[in-house]
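Hi,

Here is the structure I promised to pass on. Have a look at it first, and then read my notes below.

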Amino acid sequence: QVQLVESGGGLVQAGGSLRLSCVVSGRTFSRYAMGWFRQAPGKEREFVATIFSGGSTNYADSVKGRFTISRDNAKNTVYLQMNSLKPEDTAVYYCNAQYSGSSYWGQGTQVTVAS
């Protein structure tokens with residue numbers, strides 16, 4: 001079974017920063033495409049960022065220039081560095097892994113940005 005555990009969420013002021021972590025139990029982590037999604041109250045889950053096994057990245061337009069996704073294959077961990085946070089970034093952030101047609105999700109970590 002593939003398990004994903006997020007951490008690093010919390011309460012910050014607008015303009016502040018947070019670094020989220022996601023630890024993955026899968027034996028083939030280096031082959032996974034990893035991503036971050038978020039879901040705000042009353043809204044559908046939306047894409048935030050993805051990093052592929054080769055290291056290339058994609059970002060939602062709303063976070064480009066502010067968020068950075070990275071991975072450490074030796075630690076089976078993916079990170080999301082979030083800078084210049086805005087109140088509209090408030091959401092539960094979920095880690096996602098995809099490989100060979102399968103998709104796995106973590107339980108989420110709450111990020112609250114106060115203005």
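One term before we start: a residue is called buried if its relative accessible area is under 20%, exposed if that area is over 50%, and partly exposed in between, using a 1.4 Å probe and protein chains only. Please keep in mind that this is a predicted model, so local features were taken only at pLDDT of at least 70 and side-chain atom pairs only at pLDDT 80 or more, while totals for chains, interfaces and linings use all residues. Residues are numbered from 1 along each chain as its sequence is written, and side-chain values use heavy atoms, with hydrogens and water left out.

Let's begin with the disulfide, meaning a pair of cysteine sulfur atoms within 2.5 Å. By that rule there is 1 disulfide. Cys 22 and Cys 95 form it, with their sulfur atoms 2.1 Å apart. The two ends come from distant parts of the chain: Cys 22 sits in strand β3 and Cys 95 in strand β9 (residues 91-99), 73 residues apart. (Strands here are DSSP runs of E with at least two residues, and helices are runs of H or I with at least four, numbered from the N terminus.) Both cysteines, Cys 22 and Cys 95, are buried. The torsion about their S-S bond is about -90 degrees, so the disulfide is left-handed.

Next, strand β8 (residues 77-82). How many of its residues are buried? The count is 5 of the 6, so β8 is largely enclosed by the rest of the structure. Two strands count as paired if DSSP finds at least two bridges between them. Strand β3 (residues 18-24) pairs with β8 in the antiparallel sense over 6 bridges, and Ser 21 has Tyr 79 of β8 as its bridge partner.

Ser 84, in the loop between β8 and β9, is not a glycine either, yet has a positive phi of about 50 degrees. Ser 84 is partly exposed, with a relative accessible area of 40%.

Now for another set of strands. Strand β4 (residues 33-39) and strand β5 (residues 46-51) run antiparallel and are joined by 5 bridges, with Met 34 opposite Ile 51. Their hairpin has 6 residues between the strands, and Gly 42 there takes a positive phi near 75 degrees. On to strand β6 (residues 57-59), which pairs with β5 in the antiparallel sense over 3 bridges. Ile 51 comes up again, this time opposite Thr 57 in β6. In the hairpin of β5 and β6, with 5 residues between the strands, Gly 55 has a positive phi near 100 degrees.

Last, the pockets. On a 1 Å grid over the protein atoms alone, a pocket is an open set of points with protein on both sides within 12 Å along at least five of seven lines, and its lining residues have an atom within 4 Å of a point. The largest pocket holds about 160 Å³ of space. It is lined by 13 residues, and those closest to its centre are Arg 38, Ala 40, Lys 43, Glu 46 and Glu 88.

Cheers

Conventions: 1 Å grid on protein atoms, 1.4 Å probe; cavity = no way out; pocket = protein on both sides within 12 Å on 5 of 7 lines; lining within 4 Å. Points joined across faces, edges and corners; volume = space filled by probe spheres on them.
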